[in-house]
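Subject: Structure for your review

Dear colleague,

Please find below the structure that I promised to pass on to you. My notes on what was found follow it, and I would be grateful if you read them with the structure open.

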Amino acid sequence: MFEVKSQPYASKREHYDDLVQQVRGLLAGESSLIANAANFSALIYHSLPDVNWAGFYLYDGTELVVGPFQGKPACIRIALGRGVCGTAAQSRQTQLVRDVNAFEGHIACDAASQSEVVVPLVKAGGTLLGVWDVDSPVIDRFDDEDREGMEKLCAVFMESVRG
Ligand code: SME
């Protein structure tokens, strides 16, 4: 049994499916990027165990700039190709890092972070919006089910983004 905040879920997948429904409800009818990004971060940060940072880095046309998030204050600007976030943005591939200490170029905003998953956010026309980054103080916190779950959540988030 996979338990989250005393709520029993048959599996991690079932928990992500539930979160996807919650995100749909939370973002329904609202198109403000900042409002939706802030609520999305808060919901996920408070729903997943062993997470110390969850938030957005938004692409300003040159580099990634920190956006709405939950957790400790973070690095503000990250160049494309730098760190886990910059790598996800440049490659447009989700980065699942089981041990950040083993990722060359990892940017340690919070020394407590040990593992992370970063999903690139690309608009329908192919323009980069930014990345979604979740950090954990536990090594090996995220697996392929988390990657899949985060990608589904981000797909719902991107449906709320205009243009
Ligand atoms: N660790 C990230 C930087 C962002 S913070 O973790 C919030 C990276 O290497 O890109």
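Which polar backbone atom is 2.8 Å from a nitrogen atom of the ligand? The atom belongs to Ile 107. Please bear in mind throughout that this is a predicted model.

The surroundings of the ligand

A backbone N or O atom of Cys 85 is found 2.8 Å from an oxygen atom of the ligand. In the case of Glu 116, the side chain is involved: one of its polar atoms lies 2.8 Å from a ligand nitrogen atom. On its own, the ligand has 310 Å² of accessible area, and the protein covers 99% of this. As for its location, the ligand sits in the largest cavity.

The shell around the ligand has 13 residues, of which Val 84, Cys 85, Ile 107, Glu 116 and Asp 135 come nearest. Sorted by class, the shell holds 8 nonpolar, 2 polar and 3 charged residues. At least two shell residues come from each of β3 (53-59), α3 (83-91) and β8 (128-136). Helix α3 contributes the most, with 3 residues.

A buried serine

Is Ser 115 buried or exposed? Ser 115 counts as buried, because its relative accessibility is 0% and the limit for that term is under 20%. This residue belongs to strand β7, which covers residues 115-122. A polar atom of the Ser 115 side chain lies 2.6 Å from the backbone oxygen of Val 138.

Two residues with positive phi

Most residues other than glycine have a negative phi. Asp 50, which is not a glycine, has a positive phi of about 55°. Its place is in the loop between α2 (33-47) and β3. With a relative accessible area of 43%, Asp 50 is partly exposed, since that term applies between 20% and 50%.

Asp 140 also has a positive phi, near 65°, and is likewise a residue other than glycine. You will find Asp 140 in the loop that lies between β8 and α4 (144-159). Its relative accessibility is 44%, and Asp 140 therefore counts as partly exposed.

With kind regards

Terms used: Residues are numbered from 1 along each chain as its sequence is written. This is a predicted model: local features need pLDDT of at least 70, side-chain atom pairs count only at pLDDT 80 or more; totals for chains, interfaces and linings use all residues. Side-chain values use heavy atoms; hydrogens and water are left out. A residue is near a molecule or strand if one of its heavy atoms lies within 4 Å of it. A polar contact is a pair of N or O atoms within 3.5 Å; within protein, one must be able to donate a hydrogen and the other to accept it, and residues adjacent in sequence count only if both atoms are side-chain atoms. Accessible areas come from the Shrake-Rupley method with a 1.4 Å probe; for residues, only the protein chains shown count as cover. On a 1 Å grid over the protein atoms alone, a cavity is a set of points where a 1.4 Å probe fits but cannot get out, and a pocket is an open set with protein on both sides within 12 Å along at least five of seven lines; lining residues have an atom within 4 Å of a point. A molecule sits in a cavity or pocket if more than half of its atoms lie within 2 Å of its grid points. Helices (H or I, at least four residues) and strands (E, at least two) are DSSP runs, numbered from the N terminus. Ala, Val, Leu, Ile, Met, Phe, Trp, Tyr, Cys and Pro count as nonpolar, Asp, Glu, Lys and Arg as charged, and the others, Gly among them, as polar. Buried means under 20% relative accessible area, exposed over 50%, partly exposed in between (1.4 Å probe, protein chains only).
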